[in-house]
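Here are my notes for your first look at this model. Keep the structure open and check each point as you read.

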Amino acid sequence: MDDLALSTSYFAGRRLTPAAMAAAVRAFGLARVELGYLTRETEVDAWEDACAAEGLTVGSVHAFCPASVADPFPGPETFSLAEPDGARRAAAVRAALATLDCAVRFGARAVVMHGGRVALRRPRLLLGSVPYRSRLSEAFAARGGRPDHDLAGQERAWREEAAGAWVDALSFSLDALLPRFEAAGVALAFENLPGLEAFPDPAELDFLRRRFPSPCLGAWYDVGHGERKARVGDWPQAETLALLGGCTFGAHLHDVAGLEEDHRAPGEGGVDWEALRPLLARPGLLRVLEPAPDVSAEALRRGIAFLRAFFGET
């Protein structure tokens with residue numbers, strides 16, 4: 001059965017109504033959507049009507065959704081459940097619960113969540129440490145598409161030293177959230193993100209799942225992000241899937257062209273889709289196309305055809 005969904009983030013910047021977006025999803029031959037974080041609170045009623053009119057279902061909701069009309073720049077990291085500051089973390093919990101309410105309203109099975117960003121620090125002789133941003137992508141580009149594994153190992157060690165406060169902060173958030181998600185029967189799925197600072201990484205999420213053995217806590221595997229992380233020497237895909245494949249609720253499907261240009265149409269980049277088949281073809285997995293807004297409708301149709309052939313669908 002064809003259960004591919006399209007993220008509404010594809011329509012970003014086009015000023016379309018929910019009815020027009022829903023009709024476009026149907027025109028692509030799809031029957032499911034993921035409500036993205038650009039969905040405004042004033043659009044929720046219209047999305048309900050549009051889904052009913054077009055026969056669409058909502059499989060997943062990407063936090064934080066719906067966005068307040070007062071927020072000029074809504075995004076997936078407006079809040080962070082791993083924020084060490086207690087007041088800001090409490091705001092993130094409230095926003096996550098509002099997203100859960102939206103998921104319940106639409107009958108979605110999962111909430112896709114970004115965990116936050118670890119503030120890396122680099123040791124400096126005699127001066128303690130200084131703020132640091134990962135240079136893996138820069139090194140990858142400078143080396144013509146080859147990862148610097150020595151740098152990756154060094155940066156990984158610095159991250160492990162810094163990440164404890166984020167693990168503890170996310171634990172506080174999970175204490176508050178998981179009972180609500182369990183009662184609603186909705187999964188809280190943390191997405192793998194490009195960049196060494198992205199939190200939680202696979203090992204951290206695996207640790208948190210052992211700390212919180214809830215059937216509603218797990219991962220969301222973004223194919224393009226996973227490809228980018230593997231290319232620069234940060235978390236090979238095989239290691240990520242070995243840790244989290246069994247607790248992955250869904251996947252964002254897009255390709256990577258050039259060195260790190262992700263969110264391309266599936267089949268138009270360098271992703272090794274066959275290597276991901278054991279995960280992506282698993283029954284019950286939520287499979288969501290997440291192309292960039294500049295991907296043409298024709299390219300997206302080719303991507304949909306590519307995926308249907310890959311999954312053996314007609």
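This is a predicted model: local features need pLDDT of at least 70, side-chain atom pairs count only at pLDDT 80 or more; totals for chains, interfaces and linings use all residues.

**Notes on the fold**

1. Start with serine 173. This residue sits in helix α6, which spans residues 164-184.

2. Is serine 173 buried or exposed? Its relative accessibility is 1%. Buried means under 20%, so serine 173 counts as buried. Setting aside neighbours within four places in sequence, serine 173 is in contact with Leu81, Arg89 and Val93.

3. Now look at the largest nonpolar core. It holds 90 residues. Which of them touch the most other members? They are Leu6, Leu81, Met113, Leu174, Phe190, Leu253 and Leu280. Helix α3, residues 86-106, gives the most to this core, with 9 residues. A second, separate core has 8 residues, including Ala110, Val112, Leu286 and Val288. In soluble globular proteins, nonpolar side chains tend to be buried together.

4. Pick out phenylalanine 190 next. Leave aside its neighbours within four places in sequence. Its contacts then include Leu81, Met113 and Leu174. Also among them are His114, Gly115, Leu170 and Pro200. Find Leu217, Gly218, Ala219 and Trp220 too, which phenylalanine 190 also contacts.

5. Zoom in on one pair of strands. β8 covers residues 187-191 and β10 covers residues 217-222. They pair in the parallel sense over 4 bridges. Leucine 188 stands opposite leucine 217 in β10.

6. Strand β12 (residues 255-257) and strand β13 (residues 261-264) run antiparallel, joined by 2 bridges. Alanine 257 stands opposite glutamate 261 in β13. How many residues lie between β12 and β13? There are 3. In the turn, glycine 258 has a positive phi of about 60°.

7. Last, compare with the record. An unreviewed UniProt entry annotates residues 23-309 as "domain: Xylose isomerase-like TIM barrel". In the model, the end C-alpha atoms of residues 23-309 lie 24 Å apart. The span is 43% helix and 19% strand.

Terms used: Residues are numbered from 1 along each chain as its sequence is written. Side-chain values use heavy atoms; hydrogens and water are left out. Buried means under 20% relative accessible area, exposed over 50%, partly exposed in between (1.4 Å probe, protein chains only). Contact means heavy atoms within 4.5 Å. A nonpolar core is a set of buried Ala, Val, Leu, Ile, Met, Phe, Trp, Tyr and Cys residues joined through side-chain atoms within 4.5 Å. Two strands pair if DSSP finds at least two bridges between them. UniProt positions are given in the numbering used here, feature names are shortened, and annotations may be inferred rather than shown by experiment.
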